Amino acid sequence: MQNKNYISVLKQGLVKKIHILEQLMEKNVRQRELLADPELEPEEFEASINEKAALIDELTAIDDGFEQVYERVRDEIQKHRNDYAADISQMQQYIAEIMEKSTQVQTEEQRNRELILKKFADVKKQIREVKSGKKAVDQYYHNMMKLNYVEPQFMDNKK
C-alpha cells in the first residue's frame with residue numbers, strides 16, 4: 001500500500017513538471033516579445049530572467065525528489081512489474097510529454113539566446129556611436145573655442 005502512495009507521488013511530480021515546463025514555454029514567448037521591443041527596459045528583461053530561474057529551480061527540486069522517491073520503490077516496481085503496469089504506462093506517457101516539452105523549451109531558449117546576442121550587439125553599436133558622436137562634439141567645441149582666441153604675440157616696439 002505504501003508503494004502505491006510512492007507511485008502516486010511519482011506521478012504527481014511528473015504532472016507538476018509538465019505544468020512547470022508549460023510555464024517556461026509561456027515565459028520564453030514573453031521573453032521573445034520583450035526582445036523584439038526596441039524600447040526594452042533592462043529591469044523588465046531581468047525580471048523575466050529571474051522568473052524563469054525560479055521555475056528552473058523548481059524543476060530541479062522536483063527532479064531531485066523524483067529520484068529519491070524512485071530509489072525507494074525501484075526494486076518493488078521491477079519485481080512486480082505486472083502489478084504496476086498501468087501506473088508505469090501512465091508515467092511513461094508523462095515522461096514522453098516531458099521530453100517533448102523539454103525539447104521545445106530548449107529550442108525556444110536557443111532562439112531567445114540568438115535574439116539576446118543580437119540585442120547586445122545593437123546596444124554595443126549604439127554605445128560606440130554615442131561615444132564617437134561625443135568625441136566629435138568635444139572636438140568641435142574645442143576647435144570653436146580656439147577660433148576667437150588669438151595667441152599672444154611678441155611685438156617689438158623699439159625703433
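Predicted model: local features only at pLDDT ≥ 70, side-chain atom pairs only at ≥ 80, totals over all residues.

Here are some questions and answers about this model.

Modeller: A word on conventions: residues are numbered from 1 along each chain as its sequence is written.

Colleague: Which element of the protein chain has the highest mean pLDDT?

Modeller: pLDDT is the predictor's confidence in each residue, from 0 to 100. For the protein chain the mean is 85, with 90% of residues at 70 or more. Among the elements, helix α3 (residues 85–147) has the lowest mean, 84, and the highest, 90, belongs to helix α1 (residues 2–36).

Colleague: Where does α2 bend?

Modeller: Helices here are DSSP runs (H or I, at least four residues), numbered from the N terminus. Helix α2 covers residues 42–79 and reaches 55 Å from its first C-alpha to its last, close to the 56 Å expected at 1.5 Å a residue. A bend is the angle between axes fitted to the seven residues ending at a residue and the seven starting there. For α2 that angle is about 50 degrees, at Val 73.

Colleague: Which element gives the most to the lining of the largest pocket?

Modeller: On a 1 Å grid over the protein atoms alone, a pocket is an open set of points with protein on both sides within 12 Å along at least five of seven lines, and lining residues have an atom within 4 Å of a point. The lining includes Leu 35, Phe 45, Phe 120 and Gln 126. Both α2 and α3 supply at least two residues, but the most, six residues, comes from α3.

Colleague: How many charged residues are in the lining of the second largest pocket?

Modeller: Among the residues lining this pocket are Leu 10, Tyr 70, Arg 81 and Met 91. Asp, Glu, Lys and Arg count as charged; Ala, Val, Leu, Ile, Met, Phe, Trp, Tyr, Cys and Pro as nonpolar; and the others, Gly among them, as polar. The lining has seven nonpolar residues, two polar and, as for charged, one.

Colleague: Is Met 91 buried or exposed?

Modeller: Met 91 sits in helix α3, with its C-alpha 9.1 Å from that of Val 15, although they are 76 residues apart in sequence. Buried means under 20% relative accessible area, exposed over 50%, and partly exposed in between (1.4 Å probe, protein chains only). Because its relative accessibility is 9%, Met 91 counts as buried.

Methods:
Heavy atoms only, no water. Expected span 1.5 Å × (residues − 1). 1 Å grid on protein atoms, 1.4 Å probe; cavity = no way out; pocket = protein on both sides within 12 Å on 5 of 7 lines; lining within 4 Å.
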